[in-house]
Each structure stands twice: as C-alpha cells, then as structure tokens.
Amino acid sequence: MFGFLCKTLGRSATDVRNSFFFLEVASVVLIRGLSSSSKKISKAADKQKQKCLVNRRESPPKTASSSAFPQVHSHSESPKGTPPPVVGFLKNHGFSDAQISKLITSLPRLVSCDPEQTLLPKIEFFNSIGITGPDFTRILTQNPNLWIRSIDKRLAPCYDFIKSVVFSEDRAVASLKMAPRMLQSDMQTNIAPNIASLRKFGATQPVVSFLVSCHPTLLLRAKANFEKHVREALDMGFDPKTSAFVHALRMFVGTTELTQERKKAVFRRFGWSDDEILSALKTNPMFLTISEKKISDGLDFLMNKMGWQRDAIARVPMVLCYSLNKRVIPRCSVVQVLQSEGLSHEDDFCLSSVLIPPEKVFLARFVTKYEEQAPQLLNVYKGKLDVRE
C-alpha cells in the first residue's frame with residue numbers, strides 16, 4: 001500500500017514520509033480504498049461528491065479568519081463528501097466546530113478511531129465523576145491526549161488519589177477542573193511526593209486539602225523545585241498550619257527572588273521599612289505578585305491622595321491588587337464627598353470597610369444610606385460626576 005501511495009503521488013518514499021501532503025492524501029486514499037467495495041452508492045451521493053470536488057477546485061484558499069472547521073473536512077473527507085464519523089460524534093456530545101478542529105489538529109489519530117469504542121468510554125468516565133458540559137469539552141480540547149489515556153491505568157487512579165487526599169468527590173472534581181494536567185501525571189511519581197513534602201514540613205490536613213482543591217497547579221512542579229518554595233515560605237515565617245502558607249507558596253512559585261526585591265524597593269521608596277513590608281507579606285503575600293507599576297500607583301493614591309498610613313495598608317495589603325479605576329477610585333470618591341459633607345464619622349472610613357466589602361454592601365453602607373442628604377453620590381460612584389462638582 002505504501003509503495004502504491006508513493007507511486008500515485010509521484011514522490012520519493014523519503015519525501016512522502018516527511019511531508020504533511022502525504023498525511024492529507026494518504027488519509028483520503030485509504031478511506032477511498034476501504035470504501036471501494038461498496039456497491040450501493042446512490043446517484044445523489046455521487047452528485048454531492050462531484051459538487052464538493054468542484055467546490056474544492058474553485059474555492060479560493062482559506063484565510064486566517066475563515067472558519068477552522070471546513071479545514072478539518074479537507075483533511076478527512078469521506079467519499080460521500082461528509083465528515084468522518086468522529087466529527088458528528090463529537091458535535092453530538094457538545095463540542096463546537098472550533099474545538100473539533102483543534103482536537104483533530106492536535107491529535108490526528110482521532111479521525112480514524114471508532115468513536116463508540118475509543119471516545120465514548122472517556123465521556124462516560126468524566127460524566128460519572130461530575131465533569132460534564134462546557135467543563136468537559138474545555139478540558140478535553142485543551143488536553144487532547146486524555147482521549148488516549150487508559151481509564152483503568154491513569155484516569156481513574158488519578159481521580160481516586162485526589163479524592164483520597166481531599167476526602168470529597170466535589171473537591172476532587174474541582175481540583176481536576178482547575179488542573180486537568182494532573183490527569184496526565186503519574187500520581188505516585190509526580191504528585192504524591194509534593195504532598196508528602198507538605199506534610200513533612202508540618203502542613204495540616206486542612207491546609208493540604210485547601211491547596212489540592214483550590215490551587216492544585218502548585219503540585220505540578222518538580223519535587224525539588226516544590227520543596228524549595230516550601231522552605232522559602234517557612235524561612236519567611238509562614239505557619240504551615242494556616243492558609244497563608246499556601247498563598248506564600250503561590251507567591252514564591254509566581255515570582256523570582258530578583259522580582260520580589262524590585263517590588264519591595266517600590267515600598268521602600270514610599271517610606272516603608274523592611275518590617276512593615278514583612279508584616280504586609282505575612283498578612284497576605286499575594287500582593288507581591290502584581291506589577292511594580294500597579295504597586296506604585298496604588299501606594300501613591302492611597303497614601304498621598306487619600307492620606308492612609310502605611311500600617312493601615314499593611315493590615316489589608318490585598319487592596320493594592322484591586323483595580324484603581326474600577327474599584328478603588330470610585331469608592332474613595334464617595335468617601336471624599338461624605339467627608340466634605342460631614343455625613344459620616346472618620347472611623348467609618350478605614351480601608352477594610354471601604355475597599356474590601358462587595359459592591360452591594362458598599363453601596364448600602366455608603367451610597368443608599370445617604371441618598372437623601374447627598375443624591376449625587378451614585379453619579380460620583382459611577383464616574384458621571386467629578387468629586388469637585
């Protein structure tokens with residue numbers, strides 16, 4: 001058959017093996033060869049086939065903005081001008097044309113598989129553990145190799161292991177949705193050693209469960225690298241029995257030592273001491289993952305324009321992570337109006353009460369409550385009215 005294909009294409013065996021052209025034409029020739037024994041092709045099907053061939057000759061090349069799905073047809077078209085069975089099967093199970101195109105491009109062998117034997121068992125497995133709908137199609141599109149992983153040897157053992165760590169089916173599913181790459185990992189070789197490291201250094205079961213269910217991507221790091229970050233968190237004084245320890249791990253994983261020092265330097269320029277920076281870090285280290293510019297802009301606004309002191313910010317450093325334009329400035333503008341009108345006591349304007357609450361709570365506490373005395377507050381909050389007006 002290979003010699004026949006080479007002769008048909010008029011190319012050397014080496015060229016054929018090394019070219020995508022071979023893959024495209026070979027698939028068509030093989031499919032046609034397998035179907036040539038059929039003696040019941042209808043006239044309507046013949047006409048449709050000829051129409052598709054004419055369209056393919058006459059249609060201009062697809063541009064980058066064209067739909068990706070028709071490109072799948074051109075590589076895996078059946079003799080009757082219809083997509084292979086796997087395409088219809090995937091569509092029937094919720095996959096979009098774009099997702100199907102991405103899947104077949106990433107894993108071409110899907111085109112020739114038997115959907116009922118190869119794909120259906122995977123779908124049934126994921127559905128059985130609670131991964132369905134958009135979550136399922138997203139995970140399998142982004143991780144196409146899961147289609148060819150053994151349920152008994154890889155997928156089920158992975159799920160069972162995660163469930164044994166977090167003691168909950170729902171948490172296990174949540175973990176896999178956030179880090180589906182774990183399903184491609186050997187639990188005992190890659191994931192279990194990192195969990196053992198956490199316990200070795202004193203992490204309690206609630207902390208381990210919190211990390212696995214809420215921040216599972218941390219576990220995908222090599223054991224030596226993961227343990228290095230665990231030691232860094234301990235050296236900075238984080239207690240492995242608290243959730244802050246997990247956030248410290250996230251910060252160390254997401255930033256280099258050089259980056260951390262550059263960001264600390266920004267605080268020093270605003271008069272912060274190393275002890276004040278460390279105090280803020282121990283409260284919530286994630287603020288050190290934002291950009292230097294965002295830190296600088298946030299400190300400038302909160303300290304220089306609003307007058308909050310360093311210790312006030314150090315108690316709730318996560319306020320630096322909020323959007324200045326969408327959250328911080330609108331709320332602080334309301335506070336400025338209330339202060340100028342003498343409508344509220346200064347104690348009401350601590351950072352935690354102004355910036356931390358969800359929008360509904362903030363509006364009830366600082367806008368709706370004073371709508372009779374200061375009807376302009378809502379427009380000020382929405383940015384439709386300048387504070388000076």
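Helix H10 (residues 151-166) packs against helix H13 (residues 205-214) at an angle of about 140°, and their axes lie 8 Å apart. Here axes are lines fitted to C-alpha atoms, for helices over the stretch in contact, and angles run from 0 to 180 degrees between N-to-C directions. H10 and H13 are therefore oblique to each other. By the cut-offs used, angles under 35 degrees are roughly parallel, over 145 roughly antiparallel, 65 to 115 roughly perpendicular, and the rest oblique. Ile162, Val165 and Val166 of H10 make the contact with Gln205, Val208, Ser209, Val212 and Ser213 of H13. Contact means heavy atoms within 4.5 Å. These residues divide into 5 nonpolar, 3 polar and no charged. Ala, Val, Leu, Ile, Met, Phe, Trp, Tyr, Cys and Pro count as nonpolar; Asp, Glu, Lys and Arg count as charged; the others, Gly among them, count as polar.

This is a predicted model, in which local features need pLDDT of at least 70 and side-chain atom pairs count only at pLDDT 80 or more, while totals for chains, interfaces and linings use all residues. Residues are numbered from 1 along each chain as its sequence is written, and side-chain values use heavy atoms, with hydrogens and water left out.

Now the whole chain. There are 23 helices and 0 strands. Helices (H or I, at least four residues) and strands (E, at least two) are DSSP runs, numbered from the N terminus. The chain has 389 residues, of which 42% count as buried. Buried means under 20% relative accessible area, exposed means over 50%, and partly exposed lies in between (1.4 Å probe, protein chains only). Among contacts with a separation of 6 or more, 68% join residues 24 or more positions apart.

Back to the end of H10. Phe167 sits in the loop between H10 and H11. Phe167 counts as exposed, at 63% relative accessibility. Its phi is near 55°, a positive value in a residue other than glycine. Most residues other than glycine have a negative phi.

Next comes H11 (residues 169-178), where Ala172, Val173, Ser175 and Leu176 are buried. Seen down the axis of H11, these buried residues fall within an arc of 160°, so they line one face of the helix. The arc is that of the directions from the helix axis to the C-beta atoms. The buried residues of H11 pack against H8 (115-129), H9 (133-142), H10 and H13. At the start of H11, a side-chain oxygen of Ser168 comes to within 3.3 Å of the backbone nitrogen of Asp170.

Helix H6 (residues 85-92) has its own buried residues: Val86, Val87, Phe89 and Leu90. They cover an arc of only 165° around the axis, which puts them on the same side of H6. Pro85 and Asn92 are exposed on the other side of H6. Just after H6, Gly94 takes a positive phi of about 95°.

Ser197 belongs to H12 (residues 187-200). At 3% relative accessibility, Ser197 counts as buried. Not counting residues up to four places away in sequence, Ser197 touches Lys223, Phe226 and Glu227. The side chains of Ser197 and Glu227 make a polar contact (3.1 Å). A polar contact is a pair of N or O atoms within 3.5 Å; within protein, one must be able to donate a hydrogen and the other to accept it, and residues adjacent in sequence count only if both atoms are side-chain atoms. Lys223 is in H14 (residues 223-235). Lys223 is partly exposed, with a relative accessible area of 44%. Not counting residues up to four places away in sequence, Lys223 touches Pro193, Asn194 and Ser197. Lys223 and Asn190 are 33 residues apart in sequence, yet 7.3 Å apart in space, C-alpha to C-alpha.

Further along is His247, in helix H15 (residues 243-254). His247 counts as buried, at 17% relative accessibility. Its side chain makes a polar contact with the side chain of Arg250 (3.0 Å). Leaving aside neighbours within four places in sequence, His247 is in contact with Phe210, His215, Pro285 and Met286.

The last stop is a loop. Ser344 lies between helix H20 (324-341) and helix H21 (351-355). At 16% relative accessibility, Ser344 counts as buried. Leaving aside neighbours within four places in sequence, Ser344 is in contact with Leu338, Phe349 and Tyr370. Ser344 and Phe366 are 22 residues apart in sequence and 8.9 Å apart in space, C-alpha to C-alpha.
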